[in-house]
Amino acid sequence: MSPRKRTPEAAEQLRASLLEHAQRIIARDGAKALTMRTLAAEAGCALGLPYKVFADRGELVAAIVHVEFTRLAAAGEELIARAGAATVADNLVWYAELLLDSPAVTLAAEVMADKALAEAVAARAHHSGAGPGSFEAAVAGYLAAEQHAGRIEGDVDIAAFGFIITGAVHNLVMSGPAYPQPTRCQLKQHLTAIADRLHPR
């Protein structure tokens, strides 16, 4: 008797569960620790089960990045909704740390080093609208909302500052260990200094 086929709902639940376990491995042990074998061990399932959901590790990595891009796109909408609450600096720090702590960041160098994987990730991001391009739009949208609320000077070039802030964070994402990374305290100081220059005089 052949095994019962999973319902679409059960298959999606299994996929989501495996992705959560994969993200946990990356957060705890780094991207290099993620293999189909370690994923099966983390999930407490048979070694062959992850291969029934993902063709190989590359497909798994692409799925993780897509899930993270979707989550970060939603966080960008939340950032804009935060306009007028807390401080401009605190909101920028909150979003920057979300980006820097994402498992997608840990996988960035690996994705960029594999042309086929990079193209697959880029194509999916373009199709869904959730990708690195949405980060700059989120920051610029947030700054525009704060400008409308009167918490940023009216003549500030919002697009330029959105580009500068997002570009700085992107540089930290892509530069790798060879670039001297600021501590989180220093990152907050830098973003606070920028926010202070944007405040109405």
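Here are legends for a handful of close-up views of this predicted model.

Because it is a prediction, local features need pLDDT of at least 70 and side-chain atom pairs count only at pLDDT 80 or more, while totals for chains, interfaces and linings use all residues. Residues are numbered from 1 along each chain as its sequence is written, and side-chain values use heavy atoms, with hydrogens and water left out.

**View 1. The largest pocket and the helices around it.**
A pocket here is an open set of points on a 1 Å grid over the protein atoms alone, with protein on both sides within 12 Å along at least five of seven lines; a cavity is a set where a 1.4 Å probe fits but cannot get out, and lining residues have an atom within 4 Å of a point. The pocket's volume is about 500 Å³, where volume means the space filled by probe spheres set on the points, and points are joined across faces, edges and corners. Look for Phe69, Pro132, Phe135, His170 and Met174, which lie nearest the centre among the 24 lining residues. Helices are DSSP runs (H or I, at least four residues), numbered from the N terminus. α4, α6, α7, α8 and α9 each give at least two residues to this lining, and α9 gives the most, with seven. The lining splits into 19 nonpolar, four polar and one charged. (Nonpolar covers Ala, Val, Leu, Ile, Met, Phe, Trp, Tyr, Cys and Pro; charged covers Asp, Glu, Lys and Arg; the others, Gly among them, are polar.)

**View 2. The largest cavity, with α5 and α9 in its lining.**
This one holds about 60 Å³ of space. The residues around it are Leu92, Tyr95, Ala96, Leu99, Val139, Ile165, Thr166, Val169 and Leu191. By class, that makes eight nonpolar, one polar and no charged residues.

**View 3. The second largest cavity, about 30 Å³.**
Its lining is Ala62, Val65, His66, Phe69, Val121, Arg124, Ala125 and Ala130. Two or more of these come from each of α4 and α7, and α4 has the largest share, at four residues.

**View 4. Helix α10, residues 184-198.**
Leu187, Leu191, Ala195 and Leu198 are buried (under 20% relative accessible area; exposed is over 50% and partly exposed in between, with a 1.4 Å probe and protein chains only). They cover an arc of only 65° around the axis, so they sit on the same side of α10; the arc is taken from the directions from the helix axis to the C-beta atoms. On the other side, Cys185 and Arg197 are exposed. What covers the buried residues includes α5, α8 and α9.

**View 5. Met36 in helix α2.**
Met36 is buried, with a relative accessible area of 4%. Setting aside neighbours within four places in sequence, Met36 is in contact (heavy atoms within 4.5 Å) with Leu47, Pro50, Tyr51, Phe54, Asp56, Arg57 and Leu60. The C-alpha atoms of Met36 and Leu47 are 7.3 Å apart, though 11 residues separate the two along the chain.

**View 6. Ser102, in the loop between α5 and α6.**
Ser102 is buried, and its relative accessible area is 0%. Beyond neighbours within four places in sequence, Ser102 is in contact with Glu68, Arg71 and Leu72.

Terms used
Expected span 1.5 Å × (residues − 1).
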